[in-house]
Amino acid sequence: MKNKKIRIAGTQGFYGDSPMGAIMVALENAADYLMHDALAELTLSILQKDKLKDPKLGYARDIELHAAKLYPICLANKLKIVSNSGGLNPHSAAQKVKSILAKKGINKVKIAAIDGDDLLPELEHLKQQNLPLLNLDNGTDYRDSEYAATHANVYLGAQCIKDALQQGAQIILAGRVADPCLALGILAYEFDWDLESKAQESLDKMAQGIMIGHILECG
């Protein structure tokens, strides 16, 4: 384990980013994982507009191109994809990817759809609780807003990524997983880190994993 090396390539930084870098990495078999971050706060609003028009949408639509051109190369070369491209509808995203791969004769692929970030159904209940629902920019309380929420999402952590990989996922299409946790989840799985540990050594490893995730995504 001490000398074990894992190669993670950050090959998408935003929704609509060119897939050519990812395809080059996959063709050269130059990584073990492709990490794709497709979500920003604005992106969630764009995806919600799609979902309001069609309940089957709400995911980053470029995964359809990825499923047709990129994922087959990754699967052939045993690269795994970890992405938050599931957006507001990860289960529909997984079904779409499964369908596209099946048309290419690629079946029995383990695709993980990670949800749990959508709090819109719980929003009214949360508003009734004595919780600070404050606007970070101006400090106003959400309860006083004249506008109805279109979506309400919280950041998920790295544990869900680790769990999906432990269950054999080859492609992960998550919802609003925090950007660096895409990489942290991979590292926690590969190096068997306890993400709940409060030991200083564990905290140091997690801090390093978060830094790696930020560099891969923001870089």
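A residue is called buried when its relative accessible area is under 20%, exposed when over 50%, and partly exposed in between, using a 1.4 Å probe and protein chains only. By this definition C74, at 0% relative accessibility, counts as buried. The model is predicted, so local features need pLDDT of at least 70 and side-chain atom pairs count only at pLDDT 80 or more, while totals for chains, interfaces and linings use all residues. Residues are numbered from 1 along each chain as its sequence is written, and side-chain values use heavy atoms, with hydrogens and water left out.

The sheet is described next. Helices (H or I, at least four residues) and strands (E, at least two) are DSSP runs, numbered from the N terminus. Two strands pair if DSSP finds at least two bridges between them. Strands of a sheet pair through backbone hydrogen bonds, either parallel or antiparallel. Here, five strands form an open sheet with parallel pairing. Their order is β1-β2-β3-β5-β4. Strands β1 and β4 are the edges, each pairing on one side only. From one strand to the next, the twist averages 20 degrees. Strands β1 and β2 (residues 33-36) run parallel and are joined by four bridges. Q12 stands opposite H36 in β2.

Helices pack on this sheet. Contact means heavy atoms within 4.5 Å. Axes are lines fitted to C-alpha atoms, for helices over the stretch in contact, and angles run from 0 to 180 degrees between N-to-C directions. Helix α1 (residues 20-27) packs on the sheet and touches β1 and β2. The direction of α1 makes about 150 degrees with that of β1. Helix α7 lies across β1, β2 and β3 (80-83). It runs at about 155 degrees to β2.

Helix α4 (residues 90-103) has 14 residues. The expected span of a helix is 1.5 Å times one less than its number of residues. For α4 this gives 20 Å, and the end C-alpha atoms are 20 Å apart, which agrees. The buried residues of α4 are P90, S92, A93, A94, V97, I100 and L101. They pack against α3 (63-76), β4 (111-114) and β5 (171-174). Just after α4, G105 takes a positive phi of about 80 degrees.

Charged pairs were then examined. Side chains of opposite charge can pair when their charged atoms come close. A salt bridge is a side-chain nitrogen of Lys or Arg within 4 Å of a carboxyl oxygen of Asp or Glu. The whole structure holds eight salt bridges. In one of them, E190 pairs with K4, with the closest N and O atoms 2.9 Å apart. E190 lies in helix α7 and K4 in the segment before β1 (8-12), so the pair ties together parts that are 186 residues apart in sequence. E190 is buried at 14% relative accessibility, whereas K4 is partly exposed at 34%.

A salt bridge also joins R176 and E41 (3.2 Å, N to O). R176 lies in the loop between β5 and α7, and E41 lies in helix α2 (residues 41-53), so this pair ties together parts that are 135 residues apart in sequence. R176 is buried, at 4% relative accessibility. The side chains of E201 and K205 meet in another salt bridge (3.6 Å, N to O). These two residues are four apart in helix α8 (residues 200-218), which means that about one helical turn separates them. E201 is exposed at 56%, and K205 is partly exposed at 31%. Salt bridges that share partners join E41, R176 and D179 into one network.

D179 belongs to helix α7 (residues 179-190). At 17% relative accessibility, D179 counts as buried. Leaving out residues up to four places away in sequence, D179 touches M35, D37, L39, N84 and E217.

Cysteines were searched for disulfides, pairs of cysteine sulfur atoms within 2.5 Å. The whole structure contains zero. C181 is in no disulfide, and the nearest cysteine sulfur, that of C160, is 7.9 Å away. C181 is buried at 12% relative accessibility.

M206 lies in helix α8. It is buried, with a relative accessible area of 11%. Apart from neighbours within four places in sequence, M206 is in contact with L184, W193, D194, L195 and S197. M206 and D194 are twelve residues apart along the chain, and their C-alpha atoms are separated by 9.2 Å.
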